Amino acid sequence: MKNDFTKEKNQLKSIVEKHFTPVLESTLDDQIKFTEAVKKIQKRYAEISWSQKHRSECVDAIKQYKADLMHLVESYFAEKTPATFDVMFAAFVEALDTYIESVEDRIVRPQEPERYTSQPGDSALLKAGKVVKRISFKVSKFPERITNLFRKVFNKKQKALTQWTHHIDYKNLSRYYLKELLSMRLVNLLNGIHQKQCAASILAWKADEEIIGRIEDFLTSGKQFVIDDSVLELSDNAIRELVVEIEIVKKKILDLVGQTQAEFESAFYKAGTFELSNQRFNQSAIRKKARKLQEETLKIEIGWKGTWQVLRDDWQIDNELYHLLLSAYGATFHSGLALKSKLDDTVTPGLDKLKEYLIQAKKRIESTQGSSDQKKIITKEKEASWSKLITQLIPAVNDQILEQDFPSLIDHVETLTDSLIRQISTKRSIIRNPAFSAPIHTSSISFISPYELITFESWPQLFKVIRQVKILLIERLDTIQNSILELGQIVSFNLESALEFNAEDSASSSPGEVATEGLSRSLERIAEIEKSFADMDKLLEDDLAQGLQTFSQSLIKLTDNNNILELRVRIAKGKVIKRGILIQQQLILKATKLFPLVKHGLIRFFNQSRQFVKGTFKKYGIASKSESITADTADFLSETQQSFHKLPFVYQRLFKIEPLADSNFFIGRARELQSLQFACNNWKKGRFATVIIVGELGSGVTSMLNMFLGEHSNDTPVLRIKAEGRISTKTELFQVLCEPFQQTFNNIDEWVSYLNSQKQQVVIMEDIQRFFLKKINGFEALKELGELISRTSKTIFWIITCTEYAFRYLDKTLLLSDQFSYLIKLELFDDNTMVSIITKRHKVSGYNIRYEPAPSDLTNKKYRKLTDDEKQSLLKQEYFSDLNKIVKSNIRMALIYWLRSVSDVTGNTIVIGSLKDMNLSFLESLTATKLFILCAFILHERLTEENLGLVMNIKTVEARRYMQTLSEDGILVSNGSYFSVNPLLHMKTISLLKNKNIIH
């Protein structure tokens, strides 16, 4: 008797439709949503048409489109861990398990007649088996047949022959077919689902490529940027195909369910017979099938994970490259607009004022043609040209040009592009000729670094162009500024010539004509300047644009996987070559170290012997102890300031010896700033927190304070006090306090009472080395200041600064450090930091650097064997090593020495002379009195003749004589009435005084 499986069919179908189909449908729905999201951001730009007048807006818009697309792709294709079937379809598995647990464990029922007879599809062996089975059945039923025969004879009712039964492990059978076999068939649908997802993604990608193709035509060929409906149709097609696929998948699922259900029913009637043993679907077979299901699911998911990964990375490489390219174009366009704006808003009005002045002056002179008052007018104009044109208008225009900082517009392109390149991914997966229509095995995936690809070739090419453009821009600015300065000379010279004009010398001219001709030439010069500015604008439009075009072509090549793989080979070769060079250098270095020890010993012995003999000769007066200062050295020291003015204006501005006001060039001091902020926080909590900052003159104390104040909360007022004069009495101290506090008090109690009655504030008192004189009663001001600080520390956060050796002296004499709760000493910079301080400023200038060898280098055989690049690398290393030995982390000195080391400016190259052979040993020849005078200057920073006389206990006339001598030698420099140690000799002087045990 056939069973009715209608209920089971309906229940299985319900489970599949409720718990399995939605999972696949949701996967395709997610793809539809992603495709619609791509279409949405593409459609946003399909409604706009940009012409060449809107290049900047167009590039910015598409750049934003690429940024949005990158985020969308990265979000949708986010890497997921491949899951097993039980995890992916947990609800489906749970529902099936619940259903299977509800069925009977075993069913016993009569075998169907078909179990005894041959059926279509039976094998020969099975047919033979059924013949044997039929015979056996008949034999086994012979007694029942005999019994029925007798019943027939005696007219009794015959009994039906009892059929053989079969035992069905129904629960195992259901689990095997309805769960494991059905699941295995359903899981294979994942391949088709992933194929459709990839196909839809590729259509969306093609739409993206169409848009980028139009932007390329827009940027390179000047075509109008338009996105037509055909682009959006690609995404629409993908969506339609996905919607159709959902219905197809539903039908496939129902077909597989029907097929499996039919096989299950067929197995039901055979189970427990020799046709289908229950062992076929026992627990062991079910577990094996389950393992295979999980393995197959993982295999599919892992394979497609590789496909999705490559698809995502391939698309994202394109997105990253085009976003970078569009950002570079956008920065260039904006820099061009900013340049035009600066010219139109600032430079052009300034030049117009110059033109207007010259035109009016010309008209005034022309109006007096033939008049006897003409020379008076010309004289008046000459005087006016000096007072207004030369003194006011021309400097104002030059200052305006300098303030515009035109090179920073190029820096913006470089900085932005470099910043974006650093954000480029360092690991992406690719394959050659990807199809994305099947799982991709991990063994066929290659990994590349887009960052390395760009920095290997593309970025260096653009960087070179940017530097060239910046150099050309700076050169033109130099030329323009010189031309503007020459305007005043042209006008002045021609007006003076007109006044000296003698009519007898020329019958065809007059003073007025001479003057107006000169003014006309000046106007022509302004027209040339305006043309120079227009040409400057073309640098961005032509030269930089051409560099961007090359950069663009280079990046576009990287969107082709085959090109990427070829470039990888070139990079690998380059690395091998560099590695070979490095190995060669290491071998040479090792060979040098293995040089015979005997030779080194002999050289060392020779040098020591020479030094011993030389020292002995000096000791006994046979030779002079040290060299006296030469005229060349004196000129070098005294003419430092004049040499600065010969440098390009950009260099003068970048290396201006003054404290930093912003953080652009500020490097280091993180520990010191942290300590200062910690002290400030404790003061705000009501604790005793007074700070003294100790750092050598020029080490960056003021710059560090500027950085601290830049981050300081605006809710607390800040007052900065810096005495220009020398202060040693309490009266002088109170006078210094009067102006910043706008109060006049003559005793400490009044000052304390006033300050404690005010709101909390920060008071910075700089350079307290100026607040004493090293003489009897010369510390009165400092002592009074210490009492004022201690009695007002609750309402005032005191920050005091002092130079290193003045602090050491005052700490020993007055126990200065005990008066402060926080002592912050500025640490020495290492060589790398000092290099960064110099090169960070130099980089902005756009100039190249060439280091000059010292005479001793030219005679060095090892040096002469080096290549040009190796020589420059060595000279740079030696220069900064020598520089830090001289300046000892003193930033001001480092900047001065750097500028003083500029031996020449050739085209776009700054030539830096060597410091190796600099001889400052003449300081050792100074007399003891001069050394003690220098010690006084180191302790006090600056002194007048009268101050020095008091400190040294000598007459003012004698002090003046010493100071004049040291000044003529360039050891001291004058700043009005004050003198101080030449910054170039500051650290050398300290070193000498320490060696002589004069300071500690």
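Good morning. I begin with helix H5, residues 124-140, whose 17 residues reach 24 Å from the first C-alpha to the last, close to the 24 Å expected at 1.5 Å a residue. Please bear in mind that this is a predicted model.

Which residues of H5 are buried? They are Leu-126, Lys-130, Lys-133 and Phe-137. Seen down the axis of H5, these buried residues fall within an arc of 60 degrees, so they line one face of the helix. The face of H5 turned away from the buried side carries exposed residues, namely Ala-124, Leu-125, Val-132, Lys-138 and Val-139.

I now turn to the aromatic residues. A search of the whole structure finds 43 aromatic pairs. One of them joins Phe-34 and Phe-77 in an edge-to-face arrangement, with 5.6 Å from centre to centre and 90 degrees between the planes. This pair links distant parts of the chain: Phe-34 belongs to helix H1 (residues 6-46), while Phe-77 lies in the loop between helix H2 (55-76) and helix H3 (85-88), 43 residues apart.

A second pair brings together Phe-678 and Tyr-822. Their ring centres are 6.2 Å apart and their planes stand at 80 degrees, so this pair is edge-to-face. Phe-678 is in helix H20 (residues 670-684) and Tyr-822 is in strand S9 (residues 822-825), so the pair ties together parts that are 144 residues apart in sequence.

Phe-5, Tyr-170, Tyr-176, Tyr-177, Phe-264, Phe-268 and Tyr-269 form one aromatic cluster.

Next come charges placed over rings. The charged end of Lys-427 sits over the ring of Phe-447, at 4.7 Å from the ring centre. Likewise, the charged end of Arg-961 sits over the ring of Tyr-962, at 5.7 Å from its centre.

Asn-433 and Asp-560 are 127 residues apart in sequence, yet their C-alpha atoms are 9.1 Å apart in space. Thank you.

Notes. Residues numbered from 1 in each chain as written. Predicted model: local features only at pLDDT ≥ 70, side-chain atom pairs only at ≥ 80, totals over all residues. Heavy atoms only, no water. Phe/Tyr/Trp six-rings, centres within 6.5 Å; stacked < 30°, edge-to-face > 60°. Helix = DSSP H or I, 4+ residues; strand = E, 2+ residues; numbered from the N terminus. Lys NZ or Arg CZ within 6 Å of the ring centre and 35° of its normal. Expected span 1.5 Å × (residues − 1). Buried < 20%, exposed > 50% of the residue type's maximum accessible area, 1.4 Å probe, protein only. Arc of directions from axis to C-beta.
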